Amino acid sequence: MENAVSIRNLSKTFGKNPILKNLDLDLKKGEFTVIFGPNGAGKTTLLKLIATLIEPGEGSLIINGFDSAEEPEKVRKEIGMLSHESYLYGDLTAEENLFFFGKMYGLGKQELEIRSEYLLNEVGLETRADERVSTFSRGMKQRLSIARALINEPSLLILDEPYTGLDPKASSVFEHILKSPAFEASSKIMVSHDLERGFALCDRILVIKAGRIVYDGLKGDFSGFSEFKETCAPLLA
């Protein structure tokens, strides 16, 4: 089965500081992978490389069969990204924001209408579709940012510390959507400092430290969260 992500000899340096060092990694389609690691380990840099927001110094990165260096536009159409930043436009309505981002992915008007209606209903904003985002509470913006990340029906979801910006209601909406039939088949990569939540959601666990993968295992390798924490906590120091 073709991998969602295939990485070979991937390195990234900023100035004279090596951030990632010769990574090799294959992530299966449909797998939910959570990446843990101490601050400065290179976790967010890896997500940005996968999302084509930055270019690798060395190595190759294939997303759903597309080379990120040779076909970055095709890679971006495969991806939805959620982080603590909302990336929303305050002077546009909720629906206009979703249409704006959907058009960037090449979605047509009819498809956008269907997708926007569905997602606004999923995040509980169907009655606020025509209101400007600048009037929204923080929690409402958080929920709309979830819809934005999913507007293109991404085959790969990139989640960079998503809980950092989410209030309890938005967190509940987020987890509900991740487990919904519409998105359960999507591959997911999440960076998190929340060990318990990450362990509860994932299929696979990676620990990155000083730019290298120091642990790679399956959730099923552990009897439960306590055993996982006892095994991996020392790697996070």
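**Pockets, cavity and salt bridges**

Mentor: Helix H2 (72-77), strand E6 (79-82), helix H3 (94-104) and helix H5 (138-150) each contribute at least two residues to the lining of the largest pocket. Please keep in mind that this is a predicted model.

Trainee: How much space lies in the largest pocket?

Mentor: The largest pocket holds about 480 Å³. It is lined by 15 residues, and those closest to its centre are Leu-53, Arg-76, Met-81, Met-104 and Tyr-105.

Trainee: And how do the residues of that lining divide into nonpolar, polar and charged?

Mentor: Nine are nonpolar, two are polar and four are charged.

Trainee: Which residues make the nonpolar surface patch?

Mentor: Tyr-89, Phe-100 and Met-104 form that patch, with an area of about 320 Å². Met-104 is also among the residues closest to the centre of the largest pocket. Tyr-89 sits in the loop between E6 and H3, and its relative accessible area of 40% makes Tyr-89 partly exposed.

Trainee: Which residues line the largest cavity?

Mentor: Its lining consists of Leu-82, Ile-146, Ala-149, Leu-150, Leu-157, Leu-159, Phe-174, Ile-177 and Leu-178.

Trainee: Is Glu-31 buried or exposed?

Mentor: Glu-31 counts as buried because its relative accessibility is 10%, under the 20% limit for that class. Arg-204 also counts as buried, at 10% relative accessibility.

Trainee: Which residues are linked with Arg-204 in a network of salt bridges?

Mentor: The network consists of Glu-31, Arg-204 and Asp-216. The side chains of Arg-204 and Asp-216 meet at 2.7 Å, N to O. Arg-204 lies in strand E9 and Asp-216 in strand E10 (residues 212-218), so this pair ties together parts 12 residues apart in sequence. Asp-216 is partly exposed, with a relative accessible area of 41%.

Trainee: And which residue forms a salt bridge with Glu-175?

Mentor: The partner is Arg-197, with the closest N and O atoms 3.9 Å apart. Glu-175 belongs to helix H6 and Arg-197 to helix H7 (residues 195-201), 22 residues apart. Glu-175 counts as partly exposed at 22% relative accessibility, and Arg-197 counts as partly exposed at 32%.

Trainee: One last topic: how many residues of helix H1 are buried?

Mentor: Six of the eight residues in helix H1 (residues 43-50) are buried, so the helix is mostly covered. The buried residues are Lys-43, Thr-45, Leu-46, Leu-47, Leu-49 and Ile-50. Just after H1, Thr-52 adopts a positive phi of about 65 degrees.

Methods:
Residues are numbered from 1 along each chain as its sequence is written. This is a predicted model: local features need pLDDT of at least 70, side-chain atom pairs count only at pLDDT 80 or more; totals for chains, interfaces and linings use all residues. Side-chain values use heavy atoms; hydrogens and water are left out. On a 1 Å grid over the protein atoms alone, a cavity is a set of points where a 1.4 Å probe fits but cannot get out, and a pocket is an open set with protein on both sides within 12 Å along at least five of seven lines; lining residues have an atom within 4 Å of a point. Grid points are joined across faces, edges and corners, and a volume is the space filled by probe spheres set on the points. Helices (H or I, at least four residues) and strands (E, at least two) are DSSP runs, numbered from the N terminus. Ala, Val, Leu, Ile, Met, Phe, Trp, Tyr, Cys and Pro count as nonpolar, Asp, Glu, Lys and Arg as charged, and the others, Gly among them, as polar. Patches are made of residues with over 30% relative accessible area and no salt bridge: like charges are joined within 9 Å, nonpolar side chains (Val, Leu, Ile, Met, Phe, Trp, Tyr) within 5 Å. Accessible areas come from the Shrake-Rupley method with a 1.4 Å probe; for residues, only the protein chains shown count as cover. A salt bridge is a side-chain nitrogen of Lys or Arg within 4 Å of a carboxyl oxygen of Asp or Glu. Buried means under 20% relative accessible area, exposed over 50%, partly exposed in between (1.4 Å probe, protein chains only).
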